Amino acid sequence: MTTIELIEVGDPTTTRWLPLFATLVPAGFPSPASDELEELFDLNRILFRHPEATYLIRVAGESMTNAEIHAGDLLAVDKHLEADHNHIVVAVLDGECTVKRLVRRGSGWWLQAENPDYPDYEITDPESLRIWGVVTHVVHELIPGKLTALLRSRD
């Protein structure tokens, strides 16, 4: 199963205003950038929709790579949301913590890996499963080592 590390965060209700530009950035051919600022935006409004019930957790392992969840990523997990078919969840199955996609197959429920090299887990005993929350966002590092350094600096 994928190993995850719980990360303590500060007060998610603290507002951090960031500039949000009205123009979209093309991923193909470049176009002239707009200097027009649409508004200031607080990223907490997206990541922490239910701040009292949301936590960040770090991923280890490769079982969710086809869902673009990679080792070292941070997941925003909302305990307030009810897990449903096709949601990615943080769960404890038979005492082991994992991140997987919750899927309904026929009349049964499964925790599905998003990498064919890893097995899916049929939930045969609902009492053996605890859902810790629904993954709402993935923070993926594009400059390797920066997030790890930041997290180490808080120790």
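# Briefing: from a buried threonine to the loops

With a relative accessibility of 0%, T98 counts as buried (buried means under 20% relative accessible area, exposed over 50%, and partly exposed in between, using a 1.4 Å probe and protein chains only). This is a predicted model, in which local features need pLDDT of at least 70 and side-chain atom pairs count only at pLDDT 80 or more, while totals for chains, interfaces and linings use all residues. Residues are numbered from 1 along each chain as its sequence is written, and side-chain values use heavy atoms, with hydrogens and water left out.

**Overall layout**

- The protein chain contains two helices and 10 strands (DSSP runs numbered from the N terminus, of H or I over at least four residues for helices and of E over at least two for strands).
- Read from the N terminus, the elements follow the order β-β-β-α-β-β-β-β-β-β-β-α.
- The protein chain has 155 residues, of which 35% are buried.
- Of the contacts in the protein chain with a separation of 6 or more, 58% are between residues 24 or more positions apart (contact means heavy atoms within 4.5 Å).

**The nonpolar cores**

- The largest nonpolar core is made of 12 residues, namely Y55, I57, V59, M64, A67, I69, L75, V77, I88, V90, V99 and V135 (a core is a set of buried Ala, Val, Leu, Ile, Met, Phe, Trp, Tyr and Cys residues joined through side-chain atoms within 4.5 Å).
- At least two residues of this core come from each of β4 (54–60), β5 (74–78) and β6 (88–93), and the largest share, three residues, is supplied by β4.
- There is also a second, separate core of eight residues, including V89, A91, L93 and V134.
- I88, a member of the largest core, is in contact with M64, A67, I69, V99, K100, R101, G133, V134 and V135 when its neighbours within four places in sequence are left aside.

- Q112 is part of strand β8, residues 108–112, and its side chain is joined to that of E114 by a polar contact of 3.2 Å.
- Not counting residues up to four places away in sequence, Q112 touches M64, K100, R101, V103, R105 and D120.

**Two loop residues**

- N86 is located in the loop between β5 and β6, and because its relative accessibility is 41%, N86 counts as partly exposed.
- Although N86 and L102 are 16 residues apart along the chain, their C-alpha atoms are separated by 5.3 Å; apart from residues up to four places away in sequence, N86 touches R101, L102 and V103.
- P126 sits in the loop between β9 (121–122) and β10 (129–139), and because its relative accessibility is 55%, P126 counts as exposed.
- Computed along the sequence, P126 and W109 are 17 residues apart, whereas in space the distance is 9.1 Å from C-alpha to C-alpha.

Note on methods. A polar contact is a pair of N or O atoms within 3.5 Å; within protein, one must be able to donate a hydrogen and the other to accept it, and residues adjacent in sequence count only if both atoms are side-chain atoms.
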